[in-house]
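Take a walk through this fold with the model open beside you.

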Amino acid sequence: MSLSKKERRLTIWIGIAIGVACSSMLVRYAFNQKEIKAKERPGNYNSGRTAADQKAFPPLPFEAQKALPHGIVVFHDYNQSMLNGSENSSSWVIETTGNFRSERLFVLVEKNIHSGSIDYFRASEIYLLLQPKKNAAQLEFYLDESTQRVIGKNSKTHEFIIQIKDIKPVEIRKTLQLFRKNSSLIAKARVAPWKPLIR
């Protein structure tokens with residue numbers, strides 16, 4: 001028994017409709033699976049595990065998530081305040097992109113547990129103000145060239161901008177303490193502030 005021309009056309013259209021519906025369902029399923037895997041990837045805000053060492057971390061404050069969308073939690077530490085040495089702080093180092101796509105930016109987010117205040121710093125930069133009569137050559141000689149280097153100078157404050165490699169909150173704090181101990185060369189050492197873009 002052969003199909004009429006009308007029946008053949010109808011059969012073809014039904015087959016096309018079923019094929020489109022199936023492929024659409026498969027594409028949606030693939031996107032859902034990709035989204036689930038991305039949420040579980042270490043470093044993702046929802047994963048609860050840091051990207052660098054797979055350590056558990058508490059949720060990043062919503063305000064910080066909003067300021068740093070699509071960031072990755074690289075490190076987390078408790079009680080590593082860069083401002084006042086507080087033992088009631090939580091610090092996250094977030095990797096994100098800067099103004100240019102290729103620019104990787106590491107932001108240190110610090111939350112005071114008691115007050116709830118949140119501060120932002122550049123995790124890989126420290127500002128140093130030298131003592132009077134001290135110069136860049138003396139600073140360069142003092143720095144550990146394998147982990148620290150001068151990348152510029154703040155024209156307003158005359159502080160040297162030092163890029164550091166060790167960006168775990170505990171290591172940033174140790175580096176600050178070392179710089180502050182060398183008071184014959186360094187008058188002041190501080191972490192570089194970072195301002196979130198207003199969204």
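A word on the source. This is a predicted model, in which local features need pLDDT of at least 70 and side-chain atom pairs count only at pLDDT 80 or more, while totals for chains, interfaces and linings use all residues. Residues are numbered from 1 along each chain as its sequence is written, and side-chain values use heavy atoms, with hydrogens and water left out.

Stay with α4. Its buried residues are P169, I172, R173, T175, L176 and F179. Buried means under 20% relative accessible area, exposed means over 50%, and partly exposed lies in between (1.4 Å probe, protein chains only). Seen down the axis of α4, the buried residues fall within an arc of 160 degrees, so they line one face of the helix. The arc is taken over directions from the helix axis to the C-beta atoms. An α-helix has 3.6 residues a turn, so residues three or four places apart point the same way. On the other side of α4, L178 and K181 are exposed.

Now the whole chain. The protein has four helices and seven strands. Their order along the sequence is α-α-β-β-β-β-α-β-β-α-β. Both kinds of element are DSSP runs numbered from the N terminus: helices are H or I with at least four residues, strands are E with at least two. Of the 199 residues, 33% count as buried. The protein exposes about 13400 Å², and carbon and sulfur atoms supply 56% of that area. The areas come from the Shrake-Rupley method with a 1.4 Å probe; for residues, only the protein chains shown count as cover.

The largest nonpolar core has 24 residues, and V93, L128 and L139 touch the most other members. Such a core is a set of buried Ala, Val, Leu, Ile, Met, Phe, Trp, Tyr and Cys residues joined through side-chain atoms within 4.5 Å. At least two residues of this core come from each of β1 (72–78), β3 (104–112), β4 (118–130), β6 (160–164), α4 and β7 (186–193). Strand β4 gives the most, with five residues. A second, separate core of 15 residues includes A67, I94, I118 and W194.

Look at V93 itself. Beyond four places in sequence, V93 is in contact (heavy atoms within 4.5 Å) with residues including F75, F106, A123 and P169.

Strand β4 also holds Y120. At 9% relative accessibility, Y120 counts as buried. Among the contacts of Y120 beyond four places in sequence are A67, L108 and W194. The C-alpha atoms of Y120 and V191 are separated by 9.6 Å, although the two residues are 71 apart along the chain.

Finish in the loop between α4 and β7, where N182 is found. Is N182 buried or exposed? N182 counts as buried, at 18% relative accessibility. A polar contact of 3.1 Å joins its side chain to that of S184. A polar contact is a pair of N or O atoms within 3.5 Å; within protein, one must be able to donate a hydrogen and the other to accept it, and residues adjacent in sequence count only if both atoms are side-chain atoms.
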